[in-house]
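Look at the sequence and the model first. Then follow this short tour of two chains.

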Amino acid sequence: MSENNIAIRVEHVTTIFPGPVRALDDVSLEVERGEFLVVIGLSGSGKSTLLRCINRLQDPTEGRIWIFGEEMTGAKGDQLRKLRASIGMIFQQFNLVKRHSVMTNVLSGALSRTSLFRSLTMRFSPDEVRRAQACLDRVGLGDRGGSRADALSGGQQQRVAVARALMQDPKLFLADEPVASLDPALRHSVMRHLEVLNREEGLTVVCALHDVDLIQRYATRLIGLRDGRLVYEGEPQGFNAHTFKEIYGEEAEVASGLAWT
Amino acid sequence: MTKGTRRSAWRRVLEPFQVFLIDAGLIGLGILMVELLVIAFSGRRSPTGFLLPAEEILDLLHYGRAALGAALAALVWGRAEGGVAISPGAALIRGVDAAGPPWTRTLRGWFSFLLAEATFFTGWLVTEVQLMQFLTQFDKAQDMIRGLLNPSSAVLHQGLVLLVQTIFLAFMATAFAIPIAFVIAFMAARNLTRGTFWSRSLYTLTRTVMNLTRAVEPLVWALIFISWVGIGPFAGVLALWLHSIAALTKLYSEQIENIDTGPVDAITATGGSMLQVMRYGVVPQVIPPFLSFTIYRWDINVRMSTIIGFVGGGGIGYILKPRVDLGQWGEVGTLVLLIAGTVWAMDILSAKIREKIV
């Protein structure tokens, strides 16, 4: 595997929260370009922390992280912001600015390349507005730019969040349980956009998921976390009832209707 | 990791002192209140034959001895182990088992119960509660109340003019306070100032200064500014302005502390700078509560400016004070009605506006 084929390299990362709680315990992994890596594990197993460490929303206590060969850990100021801008992220709770219009929310994805004065007065260049419109078109919300963000349904809000991340022109996409607070029937409407970005544009995606039924459809590789430790790594095809119990514990049960027995 | 352990090490050193201070304080309070009650009910009289008034009894108490006794008792009690005998300070600082014995079977339970009782009776004595006078002497206030209910029109014109001044005085104080409080509030919000040593110091400094400013009554600020810029409404504007900055900073920063961190994370993740994160992640969330608190503050300032007028800070209070002193209750009634009407109107207005923006 050649070095410049690696999108993310995580080396011995440990994250300790006051308590102390070891949210991540000596996690090392590599993600290749173009992968759709799904992270699974119980709530509190460290999935979110791992994702948040990658773009430094959370600082790891120990260990190092590289993004496309550039070190994320230790980056400061402009350098850190430039690296963050190359990583799109979507969240379980969408995290849109509710009182802003959909358009403004998408435009905020361009903040890292907008001058301070223009961004504080919220006057984006016509060029950026055109790009934002194109991003909205891509997620199928081209006609909703003028709505207030909180007037949209959950699935639509998450698609706005995808458009905001697209606005960053990212090389890497982090998705922290992107569909966990959506109606099951709407989950594919969001996941499909991630799939298109991954398959057609070669974007690397790291996605924390809870629902096992989405894993086989979208993942190209799977890792499992348990109590902050990496306990599983493999193809989604190799994921079965046995490995499920290994990750989720003896008490967990595979939901009915799934083919892994 | 090191930070956490260092902090808990500090806590271990501090704990015994905290426990001792709380215990000694409570016991000392108990001793003094018991002594006060004993003196009061022993029927001791002053040389002129009257029962001792509260402030004279307070003068007689043995504060030094009470402090010494309390300190000794606290030293002993603080060492007590187990759920039944543990001292109140230890219970507060170290915590107690929620499933422990009920308060009726713990030493600190009974101590707290008796302390609460003693506090009530002491309060009754110290504030010289006189139920008989309250219930039987209504007729002495009749004149005044009759005057208030029959407002005289003599002062109506002047009152209206000064009422306008009062409203503007409150408005100017609020308006000048907004931008300053807006900026300081970000420095006084815990969740935005956790980062570095300097930002934490900034938080402590702004909080302290604002709390001190708020602790001083606007009336006192008015006196200060009256000697600074002279008698008149401008002194009142300055007094309310300063107090409003402190009050608004507190309200604003609490709103900032209560924001949803999601949008902050999201804007940070796009590579936004600190100011951009504030503008997009924080400001949109706090604008509605800020507006609502600001209008509320204007409302408060209208009421406060009446009192500030008493000492020469301009506004309607300025003509109210001499009429109260001279007992011109009809004119006082007119002015009070004007103030009450304004406060009532502003209350309705601010409720309506807040309803619309939140």
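Two strands pair if DSSP finds at least two bridges between them. Helices (H or I, at least four residues) and strands (E, at least two) are DSSP runs, numbered from the N terminus. This is a predicted model: local features need pLDDT of at least 70, side-chain atom pairs count only at pLDDT 80 or more, and totals for chains, interfaces and linings use all residues. Residues are numbered from 1 along each chain as its sequence is written, while chains are lettered from A and ligands numbered from 1 in the order in which they are written.

Start with the sheet of chain A. Six strands make an open sheet, in the order E6-E7-E8-E3-E9-E10, with mixed pairing. Its edge strands, E6 and E10 of chain A, each pair on one side only.

| Edge strand | Residues |
|---|---|
| E6 (chain A) | 87–90 |
| E10 (chain A) | 229–234 |

Inside the sheet, strand E3 (residues 36–40) and strand E9 (residues 221–226) of chain A run parallel, joined by four bridges. A:Ile40 has A:Gly224 in E9(A) as its bridge partner.

Next comes the contact between chains. Two residues are in contact if their C-beta atoms, placed from the backbone, lie within 7 Å. By this rule, 26 residues of chain A touch 18 residues of chain B. H2(A) gives the most to chain A's side, with four residues.

Now chain B. Its secondary structure is 16 helices and zero strands. The C-alpha atoms of chain B fill a box of roughly 80 × 70 × 40 Å, taken along the principal axes.
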